[in-house]
Every structure is written in C-alpha cells, then in structure tokens.
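Biologist: I would like to learn how to read a structure like this one. Where should we begin?

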Amino acid sequence: VLDGDVLADLVEREEALPLGRPPVAQRQQPRQPAIARPVGRKGERGGAIGGRLFHHGQEVVLICRGEQLAALQRGGLTLKTPTDTLQLPIRAVGHPLELSFTDTDVVILTMKSQDTESALRDLERAGGSEVPIVCCQNGVDNERMAARRFSRVYGMVVWMPATYLEP
C-alpha cells in the first residue's frame, strides 16, 4: 500500500515498478512523465496522486474533462491534506491526442472501470501500445483490458481516503 508521499519517493529513487523513468537529477530535457487520467466521476484519486507526484518534482499532466478541466486550466489543482493546502500549477488537457508521448512517459489510470475501455482506446491511439500503463483502479478486470492493448501493464493497490471537494 502506497500513499502519495511514499509513491513519489519510490518513483524518484526508481525503486517502484520498472517504469523506465530516470531520476529528476539525471534528466537532460523536460519531459511529460506521469500522466494521470482522472476521468469518470470525481477525480479525487487522480488529482491526489498527480498532485503528490507534481509536488515532489515530477512532471505531471492530468487528462480530464468538463468542469474539472476548466478549473484546472484556470487555476491549477488545490490539494488539501491534514497538514497542508497546496496550490499546484499542474498542466491539464482534455484528451490524450493533445500530448506528445515519449519513451519515458507513464500513464496512471484512475478512472472508474466503466470508463477504462474508452480511455485505453484513446491512449493507444495517441501514444501507441508501448506506453507503460499503471492501473490505479478498483475493479477486477482493468489490468486485463489494458494488457489487450499495451505491452507494459502494472497493477497498483492504493488505500487512499480522499474526496473531491469541487471542480
């Protein structure tokens, strides 16, 4: 079980999943790394994970829609924790086709299971089938759906009491 701080620390030290991402200090040029896709209902998981990764120095692009997208593009992400309120200028787009994927990008799926298939279809069309996919979702079939389209799929268990306050 990983919380946002532990996940960011493991990603930074490359002790998490074999996602092929160099530590921040070793990067030659800016990249679009962890791409969280908080589509579906509320976006609390994608926002919290994306916010923590961004806060810990990772480049993050959130893919969302509707009021969430408008709010993120207007004022960034506000991440409230028991000890902090962070205002994070995270980039947000409405569709994966708005991004240029690189070989160091990682996609973290955080949407509800009923939205997974269409999200995977969009991601494959935008980034190809070699993009690493981390399924950070509840449900029993998300990894199988992702494995039908992508060659590098990872399951992730998250215990995160989070709620979505407003767009």
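Modeller: Begin with the surface. The accessible surface of the protein chain is about 8800 Å², and carbon and sulfur atoms hold 50% of that area. Keep in mind that this is a predicted model.

Biologist: How many of the residues count as buried, as a percentage of the protein chain?

Modeller: Burial is judged residue by residue, with a cut-off of under 20% relative accessible area. By that rule, 45% of the 167 residues of the protein chain are buried.

Biologist: What is the pLDDT of the protein chain on average?

Modeller: The average is 77, and 72% of the residues reach at least 70. Where pLDDT is low, the predicted coordinates should not be read in detail. Residues 1–7 have a pLDDT below 50, and the model gives this stretch 12 contacts beyond near neighbours in sequence. Residues 13–42 are also below 50, with 94 such contacts in the model.

Biologist: Which helices and strands does the protein chain have, and in what order?

Modeller: There are 5 helices and 8 strands. Read from the N terminus, the order is α-β-α-β-α-β-β-β-β-α-β-α-β.

Biologist: In what sense do strand 3 and strand 4 pair?

Modeller: The pairing of strand 3 with strand 4 (residues 85–88) is antiparallel and has 4 bridges. One detail is that L77 has L88 in strand 4 as its bridge partner. A hairpin of 4 residues links strand 3 to strand 4.

Biologist: Which residues of strand 3 lie on the covered face, and which on the uncovered one?

Modeller: In a regular strand the side chains alternate between the two faces of the sheet. In strand 3 (residues 77–80), L77 and L79 make up the covered face, while T78 and K80 make up the uncovered one.

Biologist: Cysteines can be paired through their sulfur atoms. How many disulfides does the structure hold?

Modeller: The number is 0. For a disulfide, the two sulfur atoms must be within 2.5 Å. C136 is in no disulfide, and the nearest cysteine sulfur, that of C135, is 9.1 Å away.

Biologist: Is C136 buried or exposed? And what about C64?

Modeller: C136 is buried because its relative accessible area is 1%. C64 has a relative accessibility of 0%, so C64 counts as buried too.

Notes
Residues numbered from 1 in each chain as written. Predicted model: local features only at pLDDT ≥ 70, side-chain atom pairs only at ≥ 80, totals over all residues. Heavy atoms only, no water. Buried < 20%, exposed > 50% of the residue type's maximum accessible area, 1.4 Å probe, protein only. pLDDT = per-residue confidence, 0-100. Contact = heavy atoms within 4.5 Å. Helix = DSSP H or I, 4+ residues; strand = E, 2+ residues; numbered from the N terminus. Pairing = 2+ DSSP bridges. Areas by Shrake-Rupley, 256 points an atom, 1.4 Å probe, with all protein chains shown as cover.
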